[in-house]
Amino acid sequence: MLSQAYRCGFQPFRQRLLSWVQCTTVSSSHHVQPSAIRHARSWSNIPFITVPLSRTHGKSFAHRSELKHAKRIVVKLGSAVVTRGDECGLALGRLASIVEQVSVLQNQGREMMLVTSGAVAFGKQRLRHEILLSQSVRQALHSGQNQLKEMAIPVLEARACAAAGQSGLMALYEAMFTQYSICAAQILVTNLDFHDEQKRRNLNGTLHELLRMNIVPIVNTNDAVVPPAEPNSDLQGVNVISVKDNDSLAARLAVEMKTDLLIILSDVEGLFDSPPGSDDAKLIDIFYPGDQQSVTFGTKSRVGMGGMESKVKAALWALQGGTSVVIANGTHPKVSGHVITDIVEGKKVGTFFSEVKPAGPTVEQQGEMARSGGRMLATLEPEQRAEIIHHLADLLTDQRDEILLANKKDLEEAEGRLAAPLLKRLSLSTSKLNSLAIGLRQIAASSQDSVGRVLRRTRIAKNLELEQVTVPIGVLLVIFESRPDCLPQVAALAIASGNGLLLKGGKEAAHSNRILHLLTQEALSIHGVKEAVQLVNTREEVEDLCRLDKMIDLIIPRGSSQLVRDIQKAAKGIPVMGHSEGICHMYVDSEASVDKVTRLVRDSKCEYPAACNALETLLIHRDLLRTPLFDQIIDMLRVEQVKIHAGPKFASYLTFSPSEVKSLRTEYGDLELCIEVVDSIQEAIDHIHKYGSSHTDVIVTENEKTAEFFLQHVDSACVFWNTSTRFSDGYRFGLGAEVGISTSRIHARGPVGLEGLLTTKWLLRGQDHVVSDFSEHGSLKYLHENLPIPQRNTN
């Protein structure tokens with residue numbers, strides 16, 4: 001609604017804004033570019049939501065996820081955020097985006113305050129214009145345009161620029177906030193306003209009254225009269241903060257007004273452990289009091305009074321006063337349009353200041369441990385990796401009682417909260433654990449010839465030989481829901497392939513996952529690689545994990561189609577292996593066997609309807625309608641209490657039909673099935689290609705030629721003849737287990753077992769060979785001879 005309302009009122013505002021800004025500029029290079037306005041027109045698609053906002057101030061938030069409960073928020077806009085790169089004028093598109101985000105949060109019922117820079121830069125722009133206009137008209141006419149550009153502009157005093165820019169800056173804010181029916185009020189302060197008790201009370205009362213009336217206070221230091229900052233007067237003790245720049249002003253204001261959150265926007269992503277841009281500089285996700293000794297600060301901002309050191313000091317002072325703080329980038333074009341709302345939603349943006357250190361390692365530290373542990377794992381002998389997996393399989397049966405007890409706690413806590421299919425996935429049993437152990441031993445046997453296997457050998461030239469060998473992918477992130485049995489399966493596959501592993505399970509399986517992970521680490525410990533498999537227990541959101549592109553090489557989601565889609569959308573620069581939907585088809589041909597059809601349909605649909613390889617659409621040849629075979633299918637589905645949805649063609653053949661399907665592209669995940677009629681095998685194939693998800697599709701027929709045509713022409717990961725769709729599974733394929741089923745067309749497809757977690761590298765062994773020796777007049781020639789691949793002893 002807000003964005004729509006904005007678009008409706010934007011055109012006249014655009015014209016006023018353009019004409020108003022143009023009157024303060026002297027050359028076209030300083031005009032507001034239409035591209036900036038076009039950018040402003042698509043400021044955001046932030047949804048208007050209502051959140052519960054009730055909190056007693058006194059202690060800062062311990063975790064990012066709690067920031068969504070922030071009621072009173074101060075947003076500090078640094079000079080680098082609001083000014084253009086030439087430091088003479090405002091970045092209008094960026095400023096407009098910030099105003100929209102503040103407006104959206106204000107309209108959610110929050111109390112927003114702005115501490116803004118920009119008056120000096122805006123005044124500098126206006127004064128430059130006035131100085132040029134005040135030059136002699138005759139001189140301007142006779143000197144020509146080129147000489148006019150070379151006129152000397154005197155150095156402008158900052159306080160004069162501030163005096164000239166304050167009114168214009170506020171007018172701009174008022175014009176922008178008006179588009180959202182929000183009123184803004186300007187407050188100029190100096191250090192004395194905080195140190196004089198009466199002025200301090202007056203300021204406090206004014207701000208509270210403005211907030212009560214749903215007005216956004218816009219606060220700035222009165223740079224027109226403020227004295228030069230005194231050395232070392234930025235922060236003096238716990239109860240005193242000297243307002244010498246907008247960082248310290250924002251911190252003082254935040255504590256004074258008992259705000260829940262202070263957002264400091266600058267031109268860097270947050271706080272780094274060394275100056276940004278330097279080698280090995282890493283963004284600090286969470287900063288704790290006392291950590292500043294481990295940080296090296298760089299130079300201050302390109303504009304403004306403060307640098308990162310002053311921001312950290314101000315942030316720690318505010319944190320000690322009970323206000324949570326986030327320092328983030330407000331200038332990056334890809335994130336500035338939603339940086340403020342992302343922070344309030346608890347997303348991993350910038351550096352979050354917290355007084356509560358987590359009991360265990362951070363997810364970044366876990367990623368590093370998984371990386372180093374995985375590399376050590378890859379250097380083990382195949383027999384040693386197999387021994388680890390065998391030991392884990394033994395632990396699953398030996399510690400059966402402890403595992404089932406933990407699982408019972410999960411089931412009791414999930415009762416009434418999870419649907420029946422999810423409860424079934426969550427449940428472990430003695431038979432499940434026995435099956436897991438069998439699968440793990442299969443993986444151990446297949447791991448003997450996995451890492452380091454030679455795929456190709458080539459003699460490039462004399463004494464120059466090339467090999468292509470298998471190697472681990474690196475660090476895998478596997479995210480799974482309600483499936484504790486997934487943990488040992490995926491862990492065994494990672495161990496067998498020499499990959500480091502980060503596991504993120506659903507909170508509904510927390511007890512089960514915890515004990516299964518402990519058993520996995522116990523097994524890894526026999527060869528000193530305990531840290532290769534990590535279970536993420538922090539409050540990391542899945543979306544935040546998907547942004548760790550420096551630590552994670554492949555993401556594998558195991559769960560609902562919605563989970564897979566969300567991860568595919570959130571992943572930034574990290575490949576995602578998986579399928580978003582399991583819309584599996586079975587085509588019953590006119591030459592299908594009566595005895596086979598009902599058995600195959602029942603198993604595919606009813607054995608485990610929540611599985612991704614369960615049947616969702618049954619395609620029946622037209623000639624089978626009103627035949628005993630068709631009647632048997634319908635009778636069986638009724639007995640199994642399967643709800644039938646009729647496809648458009650099927651419905652047209654019936655006088656009284658079941659409910660017509662809403663979409664032919666539906667994964668039910670329950671005892672529901674779509675039935676549609678086709679005229680031929682080609683129509684069945686076309687239907688599968690149009691509405692399927694390239695997962696698993698089956699033909700039931702006694703005609704071998706027809707079956708082969710179907711097998712060759714259906715473009716899915718798994719295509720079967722006269723079998724249940726449920727065979728699409730790593731364990732049933734003899735892979736031991738699977739990390740998931742992939743419908744992508746590169747690297748791995750179908751059930752992904754051990755082979756799908758490997759990639760390759762090239763090894764070249766020579767003796768002082770250089771490329772120039774192989775030139776037209778060189779002494780060597782390329783041979784490119786294929787060499788036999790040595791057979792490894794896997795016994």
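At roughly what angle do the axes of helix α17 and α18 cross, and within what distance do they come? Helix α17 covers residues 430-446, and its axis crosses that of α18 at roughly 10°. The two axes come within 10 Å. Angles under 35 degrees count as roughly parallel, so α17 and α18 are roughly parallel to each other.

Before going on, a word of caution. This is a predicted model. The mean pLDDT of the protein is 83. Of its residues, 83% reach 70 or more. Two stretches fall under 50. For residues 229-243 the pLDDT is below 50, and this stretch has 34 contacts in the model beyond near neighbours in sequence. For residues 301-306 the pLDDT is also below 50, with 23 contacts in the model beyond near neighbours in sequence. Please keep both stretches in mind.

Back to α17 and α18. Who meets whom? From α17 come Leu436, Leu440 and Ile443. From α18 come Pro488, Gln489, Ala492, Leu493 and Ala496. By class, that contact holds 7 nonpolar residues, 1 polar and no charged.

Next partner: α14. Helix α14 is residues 382-398, and α18 is residues 486-497. They pack at an angle of about 165°, with axes 9 Å apart. Over 145 degrees counts as roughly antiparallel, which makes α14 roughly antiparallel to α18. The crossing of this pair is right-handed. On the α14 side we have Arg385, Ile388, Ile389, Leu392 and Leu396. They meet Pro488, Ala492, Ile495 and Ala496 in α18. The contact of α14 with α18 counts 8 nonpolar residues, no polar and 1 charged.

Helix α19 spans residues 510-524 and packs with α18 at an angle of about 25°. Their axes are 10 Å apart. α18 and α19 are therefore roughly parallel to each other. Here α18 passes α19 in a right-handed crossing. Leu487, Pro488, Ala491 and Ile495 of α18 make the contact with Asn513, Leu516, His517, Thr520 and Leu524 of α19. That contact divides into 6 nonpolar, 3 polar and no charged residues.

Look for Pro488 as you go through these lists. It is in the contact with α17. Pro488 is in the contact with α14. Pro488 is in the contact with α19 too.

Now the sheets. How many strands form the open sheet with parallel pairing, and in what order? There are 4, in the order β13-β12-β11-β14. β13, at 533-535, and β14, at 554-558, stand at the edges. Each has a single partner strand, so one side of each is left without a neighbour in the sheet. From one strand to the next, the twist averages 20°.

Take the pair β11 and β14. Strand β11 is residues 475-480, and it pairs with β14 in the parallel sense over 5 bridges. Leu477 stands opposite Ile555 in β14. And α18 returns here. This helix packs on the sheet and touches β11, β12, β13 and β14. Its direction makes about 165° with that of β12, which is 500-505. Helix α21, residues 561-570, packs on the sheet as well, touching β11 and β14. The direction of α21 makes about 160° with that of β14.

On to another sheet. This open sheet has 8 strands, in the order β3-β4-β2-β1-β5-β7-β8-β6. The pairing is mixed. Which are the edge strands? They are β3, at 184-189, and β6, at 286-287, each pairing on one side only.

Two helices to finish. Helix α7, residues 158-178, packs on this sheet and touches β1, β2, β3 and β4. The direction of α7 makes about 155° with that of β3. Helix α9, residues 197-212, packs on the sheet too, and it touches β1, β2, β3 and β4. The direction of α9 makes about 170° with that of β3.

One picture to take away: α18 packs on the 4-strand sheet. It also packs with α14, and with α19. Its axis comes within 10 Å of that of α17. Thank you.

Note on methods
Residues numbered from 1 in each chain as written. Predicted model: local features only at pLDDT ≥ 70, side-chain atom pairs only at ≥ 80, totals over all residues. Heavy atoms only, no water. pLDDT = per-residue confidence, 0-100. Contact = heavy atoms within 4.5 Å. Axes fitted to C-alpha atoms, helices over the stretch in contact; angles between N-to-C directions. Parallel < 35°, antiparallel > 145°, perpendicular 65-115°, else oblique. Left-handed = near helix turned anticlockwise from the far one by under 90°. Nonpolar A, V, L, I, M, F, W, Y, C, P; charged D, E, K, R; others polar. Pairing = 2+ DSSP bridges.
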